[in-house]
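My entries follow in the order in which I made them.

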Amino acid sequence: MNADDVFFADVLLPLHVQGTFTYRIPREFAGQVKVGARVVVQFGRSRLYSAVVRRVHQEQPSFQLKYVLAILDTSPIVNPRSMDFWEWMADYYMCTVGDVMAAALPAALKLASESAVSIHPDFEGELSSLSKTEMQIVQLLTEHRVMKVNDVSRALNLQKIMPVMKGLIERQVVIMDEELRQRYTPRTVAYVSLAQEYATEEAQAALFAALEKRKSTAQVALMMSFLQLSHFGSEAVAKADLRPSTSLDALVKRGVFHIEERVESRITTAGNGAEAKVADIVLNDEQQAAFDTLRKGPAVSLLHGVTSSGKTEVYIKLIDEVVSAGKQALFLVPEIALTSQLINRLRTYFGDKVGVYHSRFSNSQRAEVWHRTHSDGADRYQVLLGARSAIFLPFVDLALVIIDEEHDASYKQTDPLPRYNGRDAAIYLASMWKARTVLGSATPSIECRYHALTGKYGLAEMKHRYGGFALPEVECVDMKEKLRTKQVKGIFSDTLISAIETALDNGQQAIIFQNRRGFAPRLECDECHHVPQCVNCDVSLVYHKGTNTLRCHRCGYSIPVPSECPQCHSTHLRTMGIGTERIEEDLHLLFPNANVARMDLDSTSQKNRYDELLTDFQHKRIDILVGTQMVTKGLDFEHVSVVGIIGADSMINFPDFRAYERAFQQMTQVSGRAGRHGTAGRVIIQTFNPFHMVLDDVRHNNYDHLYGEQINERRVFHYPPFSRLIEITLKHRSSAVLDNAALQLATTLKATFGTRVIGPEYPLVTRVRGLCLKMITMRFERTEPIAEAKKIIMRATDALTAQKDYASVAVHFDVDPY
Ligand code: ADP
Ligand code: ZN
Ligand code: ZN
């Protein structure tokens with residue numbers, strides 16, 4: 001055979017493997033294997049995977065090669081620049097390029113022989129469009145419901161099943177099972193409408209007369225509010241909007257009202273066409289000045305604007321320029337801030353040019369956003385809105401990257417690999433495209449503010465709320481004093497109670513923030529002070545009253561609440577500390593007539609419950625919303641006049657070098673939810689330490705003071721931004737093996753890096769999921785060649801785990817672990 005016709009493909013696999021793997025391209029595929037397209041290859045035992053072609057070449061390797069088995073795409077699904085980005089990320093965050101690829105590609109594009117498939121629930125059985133093979137697959141899947149691709153191929157004795165399966169998935173005949181599990185039942189909302197007999201004015205007058213005669217004032221009032229809300233009975237009204245429900249029940253019984261359940265969509269978005277023109281947004285002077293600075297400044301700029309200063313309008317203006325020029329903009333927000341409110345706001349201006357990349361969307365929807373990001377046609381998305389994983393989209397002409405709430409901890413991904421910071425990676429991505437980057441925040445991270453002050457980043461500031469509204473009044477309530485003078489009910493001070501009362505009386509709403517879910521952080525025996533612990537982790541179990549369980553927030557371990565102390569058999573068990581569930585219960589008791597709801601990981605585990613809570617709150621079906629940090633982010637509600645902060649002290653005292661910064665950010669952000677539209681806002685912080693510096697800074701909205709203190713501390717103690725940290729975590733079942741391994745690794749590293757090696761030491765939690773943990777922290781000066789250091793660290797680690805005794809020690813790297 002002529003060597004000139006022999007071609008090879010280096011491919012990337014979405015597995016925890018480093019680098020590319022080479023396969024031979026069979027002659028029948030000559031010229032059809034494209035860089036960035038997917039092919040099917042065998043890897044490991046007998047498994048088939050979708051791999052992405054990195055390079056096609058003619059350099060014959062010296063060893064025997066397997067063949068590329070099939071071609072899945074005739075044109076690329078990723079571009080070379082994306083793959084460069086994956087490789088950069090693998091290097092920088094010390095993981096494999098396969099780890100990055102697995103995170104980058106939407107599940108629907110990762111078809112493998114191990115993937116489970118079934119018939120798409122929306123498939124109507126249109127068999128006429130199917131080929132004979134496809135028909136066989138459909139029949140088989142109808143019989144077996146769920147099967148692995150591999151088993152389908154074996155059952156039908158089909159060698160080349162992957163391209164066929166891919167076609168069926170794209171046409172929504174078949175669905176990957178992973179997605180099936182995510183499907184949800186539609187949510188329904190109860191609506192109340194007027195019965196036909198009461199449609200006329202006479203009938204209504206007669207009804208009023210009858211009710212008044214029987215002195216049913218509550219029913220009269222309800223009837224009045226119904227007529228008002230329903231435009232005199234012409235529309236239905238959400239049941240939750242009508243209170244009290246006892247009167248409603250009575251009127252339903254009487255035949256005045258009908259109740260029906262209507263399906264309500266979750267992520268409601270406005271129509272597709274743009275309804276408003278960006279040119280019609282008139283920026284105020286401060287916004288205009290910021291806009292001008294951001295357009296002209298260095299490649300990366302910080303937009304430091306107080307809450308509700310109108311940062312979003314500035315972003316919209318910036319995006320508009322990019323869209324008009326036919327280019328693309330990426331708009332990143334923390335997952336939790338990706339609400340229908342924000343989506344609608346962008347769609348109002350950019351219509352169907354907006355693509356939303358969202359973990360709450362289905363696999364096929366995500367695959368569609370992926371394809372439309374790099375489409376050649378007129379359907380190409382130009383504004384990509386998403387949480388951190390949107391940085392992986394296959395952009396073709398990226399000109400602007402906006403990272404809103406830049407300081408937010410949720411930009412950092414810890415599990416699964418890659419452990420990356422979405423903000424920092426986005427800045428790098430933008431630099432690859434020579435795109436402009438805008439970092440926005442009301443409470444910038446210390447490092448970004450530092451870069452902005454030292455000239456590495458540009459800086460634009462907006463110090464006033466849009467519309468001239470005042471920032472809310474923040475006050476601290478001294479709980480020691482309140483307890484002494486007995487002005488406390490449950491965990492609430494009289495000050496907070498009366499503030500909530502006033503808000504409710506004025507038809508306004510309140511938010512209560514406590515960064516701890518569950519009912520109580522622990523259960524304690526009154527006699528022997530035993531606290532039940534997780535069997536897998538070295539943490540106390542959290543008491544959840546709703547489910548009557550004790551649960552581990554690290555590993556999910558859960559047991560029923562014991563009736564007696566497992567140690568001394570005393571039945572006097574007490575809850576210690578306060579979680580969101582407890583606060584919710586207290587509020588129900590204190591405000592029996594108010595609608596109280598809770599928003600935390602437990603109450604929003606059900607798909608879309610989060611959006612529902614927000615919608616309910618927006619429509620005032622909820623009066624008081626209790627929540628963890630979920631309530632602190634980006635929400636723009638009109639009627640919130642009171643914000644209560646319960647756990648300020650535990651945030652401030654958290655043992656971490658960023659504790660003050662984070663406490664300040666969270667308190668300022670949640671305060672920023674109050675009084676956004678003119679109603680005077682009031683923020684009440686309950687604390688045992690009312691004179692703490694951080695609280696003072698929150699009270700006076702004194703970011704500059706906080707920054708000054710923090711940056712000095714970072715400088716003195718060599719913390720970022722003055723240094724770079726790499727955290728090495730070692731895990732093993734046996735603490736003895738672990739201790740030796742950690743000591744050996746630290747000793748090796750110290751030989752090269754000296755005092756840059758800190759540890760080994762125990763982390764805050766020393767055992768998780770049955771594995772003991774030990775940590776070594778590496779600290780480098782900003783100026784040191786970090787890439788070289790990373791290689792040395794990797795080699796030292798490989799040498800460690802190459803030893804028989806330590807082969808089963810797991811080693812994790814976390815670069816910039818904060
Ligand atoms: P931030 O993101 O800074 O917290 P937003 O962008 O949500 O603030 O703005 C707060 C409110 O002010 C929003 O309701 C927004 O629509 C309004 N707003 C801000 N700037 C303008 C403007 N230039 N014209 C009209 N409304 C504006
Ligand atoms: Zn006991
Ligand atoms: Zn646990």
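I took axes as lines fitted to C-alpha atoms, for helices over the stretch in contact, with angles running from 0 to 180 degrees between N-to-C directions. Helices are DSSP runs (H or I, at least four residues), numbered from the N terminus.

The model is predicted, so I kept in mind that local features need pLDDT of at least 70 and side-chain atom pairs pLDDT 80 or more, while totals for chains, interfaces and linings use all residues. Residues are numbered from 1 along each chain as its sequence is written, chains are lettered from A and ligands numbered from 1 in the order written, and side-chain values use heavy atoms, without hydrogens and water.

I looked up helix α8 (residues 217-229) and helix α9 (residues 245-253), whose axes come within 9 Å and cross at roughly 85°. α8 and α9 are therefore roughly perpendicular to each other, a label that covers angles of 65 to 115 degrees. The contact (heavy atoms within 4.5 Å) is made by A218, Q219 and L222 of α8 with S247, L248, A250 and L251 of α9.

I then turned to ligand 1, which 17 residues surround, the closest being V282, Q287, S308, E313 and R345; a residue counts here if one of its heavy atoms lies within 4 Å. Helix α11 (residues 311-324) gives the largest share of this shell, 3 residues.

For polar contacts (N or O atom pairs within 3.5 Å), I noted that a polar backbone atom of V282 is 2.8 Å from a nitrogen atom of ligand 1, and that a backbone N or O atom of S308 lies 2.7 Å from an oxygen atom of ligand 1.

How values were computed. Polar contact = N/O pair within 3.5 Å; in protein donor to acceptor, adjacent residues only side chain to side chain. Helix = DSSP H or I, 4+ residues; strand = E, 2+ residues; numbered from the N terminus. Parallel < 35°, antiparallel > 145°, perpendicular 65-115°, else oblique.
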